[in-house]
Amino acid sequence: MSTVKIGLIGTGFVADLHATAARMVPEAEIAAVASPTPGKAGHFAKEHGIQHAFEDYRELLKLKDIQLVTLALPNHLHAQACLDAAKAGKHVVCEKPLCRTLEEADRMIAACRQAGVLLMYAEELCFAPKYVRAKKLVDEGALGRAFLVKQSEEHFGPHSAWFWDVDKSGGGVLLDMGCHSIEFARWVFGKPRVKSVFASMSTHVHRDKTRGEDHSVCIVEYETGQVGLAENSWAKTGGVDDRCEIYGSSGFTRADLLRGSALLTYSESGYGYAVEKAATTKGYTFTMFEEIWNYGFPQEIAHFARCVQGKETPIETGEDGREVLKIMCAAYESAGTGKRIDWPYEPRKVDKPIDLWRGA
Ligand SMILES: NC(=O)c1ccc[n+]([C@@H]2O[C@H](COP(=O)([O-])OP(=O)(O)OC[C@H]3O[C@@H](n4cnc5c(N)ncnc54)[C@H](O)[C@@H]3O)[C@@H](O)[C@H]2O)c1
């Protein structure tokens, strides 16, 4: 079967990861890229060997041989780009978080369904080899019955201005990185139904930059009695940290995605690159290798390409992204009211999840 041709919308941080990862995947090829910044798409295309470059992504959507479009855009642009892609008959991979409101999520899901295209949710932790191994341990009963999953993804804050602007991002670290942790636990447990959500969040370090929270703790209880604990930070120094612990009735496993398999390096002069968002490479550092592979990006792209070829069924979908967003809405509401939010739950209609905590 022929290679799936992908159109990449965006040329920023995550687009670069997708473009690099796609080169490791025989099933997929990024054939076009779009970015509104003059010259950016052309430069990106040259760097990654991509055939077509556009300033307006709607031109990319006109290319007949593009089957799948990856949305690597700021959060406030996901919904419209998804609707446009679906209308053009393209399958869609949407970066996390799916979007900012459940209404947007519903429109995205409905548009893809109506157009007969797939809407796939890019939660790469479900493809990270070490985390996949952890889930396999759970599935084969190595830990007995898994009852608690703790997941943390943390660093000292994002790289682009729009993340800090809650009108564009929709919220702070919970929305940005809590979405990873929440979906990781949900996936490990086999996606049971939610019973309740409790959360605490605050802005400890970056009040000068954002109305968004820079540290959050969110507890999700499932109907099965299992518990997911997501702790996330934009206020933690020392480079990105990503880890999980899984407790079972007769076993336990812990995975440190980055430092657990990094080199422990001591350097007096410093060196080029240690790990994402590391502030220094002098002294003792954790030196990552095969970072994109360890994060699961090539494996994610390969899976989504095989879904387009009809060989596999997406393990992460628009519906999953919506459920994570709903849990996060409840978390913001819990932080705002100080109360546990019980299911069934329908969030108040707001422009962005953070309004449920801080008001508009
Ligand atoms: N899965 C992950 O681990 C991960 C990591 C980082 C970011 N993300 C997600 O990916 C998305 C993008 O984040 P990022 O870090 O790459 O942001 P970024 O700021 O680095 O890049 C955003 C890109 O969007 C482009 N853009 C803006 N408006 C556009 C438009 N109208 N048409 C085409 N391109 C446009 C910008 O030019 C830029 O290239 C966000 O939703 C973010 O949450 C996911």
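What share of the contacts in the protein with a separation of 6 or more is accounted for by residues 24 or more positions apart? The share is 70%, where two residues are in contact if their C-beta atoms, placed from the backbone, lie within 7 Å.

**View 1. Overall fold of the predicted model.** The structure is a predicted model, in which local features need pLDDT of at least 70 and side-chain atom pairs count only at pLDDT 80 or more, whereas totals for chains, interfaces and linings use all residues. Residues are numbered from 1 along each chain as its sequence is written. The protein has 13 helices and 15 strands, which are DSSP runs numbered from the N terminus, with at least four residues for helices (H or I) and at least two for strands (E). The radius of gyration, taken over C-alpha atoms, is 20 Å, close to the 21 Å that the globule rule gives for 360 residues, so the protein is as compact as a globular protein of that length; the rule is 2.2 Å times the number of residues to the power 0.38. The C-alpha trace spans about 55 × 50 × 50 Å along its principal axes. Of the 360 residues, 50% count as buried, a class that requires 20 or more other C-beta atoms, placed from the backbone, within 10 Å of the residue's own.

**View 2. The seven-stranded open sheet.** The order of the strands is E12-E11-E7-E10-E9-E8-E15, and the pairing is mixed. Strand E12 (251–256) and strand E15 (341–342) stand at the edges with a single partner strand each, so one side of each is left without a neighbour in the sheet. Two strands pair if DSSP finds at least two bridges between them. Strand E8 (residues 194–202) and E15 are antiparallel and joined by two bridges, with Ser196 opposite Asp342 in E15.

**View 3. Strand E10 and its partners.** Strand E10 (residues 227–233) is largely enclosed by the rest of the structure, because five of its seven residues are buried. Strand E7 (residues 146–154) runs parallel to E10 and is joined to it by seven bridges, whereas strand E9 (residues 215–222) pairs with E10 in the antiparallel sense, over seven bridges. Val227 in E10 stands opposite Leu148 and also opposite Glu221. The hairpin of E9 and E10 has four residues between the strands, and in this hairpin Gly225 takes a positive phi near 90°.

**View 4. The shell around the ligand.** Of the 24 residues around the ligand, Gly10, Gly12, Phe13, Glu95 and Ser160 come nearest; a residue is near a molecule if its C-beta atom, placed from the backbone, lies within 6 Å of it. Helix H1 (residues 13–22) gives the largest share of this shell, three residues. The shell divides into 13 nonpolar, seven polar and four charged residues, where Ala, Val, Leu, Ile, Met, Phe, Trp, Tyr, Cys and Pro count as nonpolar, Asp, Glu, Lys and Arg as charged, and the others, Gly among them, as polar. At least three residues of the shell are drawn from each of domain 1 (4–125) and domain 2 (126–296 + 323–342).

**View 5. The contact between the two domains.** The protein is divided into domain 1 (4–125) and domain 2 (126–296 + 323–342), with bounds that come from an automatic or database domain assignment. Their C-alpha centres lie 24 Å apart, and the contact takes 17 residues from domain 1 and 22 residues from domain 2. On the side of domain 1 that touches domain 2, the elements that give two or more residues are H1 and helix H5 (102–115), and the largest share, four residues, comes from H1. The residues of this side divide into nine nonpolar, four polar and four charged.

Technical notes:
A residue is buried if 20 or more other C-beta atoms lie within 10 Å of its own, exposed if 12 or fewer, and partly exposed in between; C-beta atoms are placed from the backbone.
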